[in-house]
Amino acid sequence: TTRAEFARLVATDPDTLTDLERAARFLYIQRAAFGGRPRGPIFGVSTDRPGRFDISQVGPMLDDLHTRMSGVVIECLPYGEFIRRYDRPGTLFYLDPPYLGSEGDYGPDLFKRSDFQGIADALSALQGRFIMSINDTPEIRDVFSGFSFEEVSVTYTVARKATGSRAGELIITG
């Protein structure tokens, strides 16, 4: 695992690669990035463990991913369209939207603060059921006040550090 190879792969346009090369590029960046974040990645180094990418494991990792994902359908739709398309009695949706205050973490304009109300509106009309995890804030409690809450305490850690910050989250169901 090298900083130079990490920088080269980050700078490589994935559209110029084959499917296999693109998958290997993603795995390398994800494994070598600080906190495992492949978007806006920063090279991660730890003095107490070896590099996180082993080229000899790419083949087995891709085989494992292929096995796990075979038969899976991946949709990339706006949440409202996704819910409308798949909602029916017996459907269970799991939602993990960006946390309030972190709406831009997954890219500019992908999710806006007003989308929390949009999600609440869509969920209030469900035929099926849902589970959503989100940070516990007064605004979130207000927007989703028509649903059931379970408070949970979590520890956020980055790069597998033993210590982290404690935070409150909500599991919202309906």
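Which backbone atom does the side chain of Asn 135 reach, and at what distance?

Modeller: The side chain of Asn 135 reaches the backbone nitrogen of Leu 100 at 3.0 Å. This is a predicted model, in which local features need pLDDT of at least 70 and side-chain atom pairs count only at pLDDT 80 or more, while totals for chains, interfaces and linings use all residues. Residues are numbered from 1 along each chain as its sequence is written, and side-chain values use heavy atoms, with hydrogens and water left out.

Asn 135 lies in strand S2, residues 129–135 (strands are DSSP runs of E with at least two residues, helices runs of H or I with at least four, numbered from the N terminus). Asn 135 counts as buried because its relative accessibility is 12% (buried means under 20% relative accessible area, with a 1.4 Å probe and protein chains only). Beyond residues up to four places away in sequence, Asn 135 touches Tyr 99, Leu 100, Ile 140, Gly 168 and Glu 169 (contact means heavy atoms within 4.5 Å).

Strand S2 also holds Phe 130, which pairs with Phe 147 in the loop between helix H6 (138–143) and strand S3 (148–156). The Phe 130 and Phe 147 pair is edge-to-face, at 5.1 Å centre to centre with 90° between the planes (rings of Phe, Tyr and Trp, the last by its six-membered ring, pair if their centres lie within 6.5 Å; planes over 60 degrees apart count as edge-to-face, under 30 as stacked and the rest as tilted). Phe 130 is buried at a relative accessible area of 2%, and Phe 147 is buried at 18%. Elsewhere, Tyr 79, Phe 111 and Phe 116 form one aromatic cluster, and the structure holds 6 aromatic pairs.

Another buried residue is Thr 12, at 17% relative accessibility. Thr 12 sits in the loop between helix H1 (3–11) and helix H2 (19–32). Leaving aside neighbours within four places in sequence, Thr 12 is in contact with Leu 17 and Arg 25.

Conventions:
Buried < 20%, exposed > 50% of the residue type's maximum accessible area, 1.4 Å probe, protein only. Polar contact = N/O pair within 3.5 Å; in protein donor to acceptor, adjacent residues only side chain to side chain.
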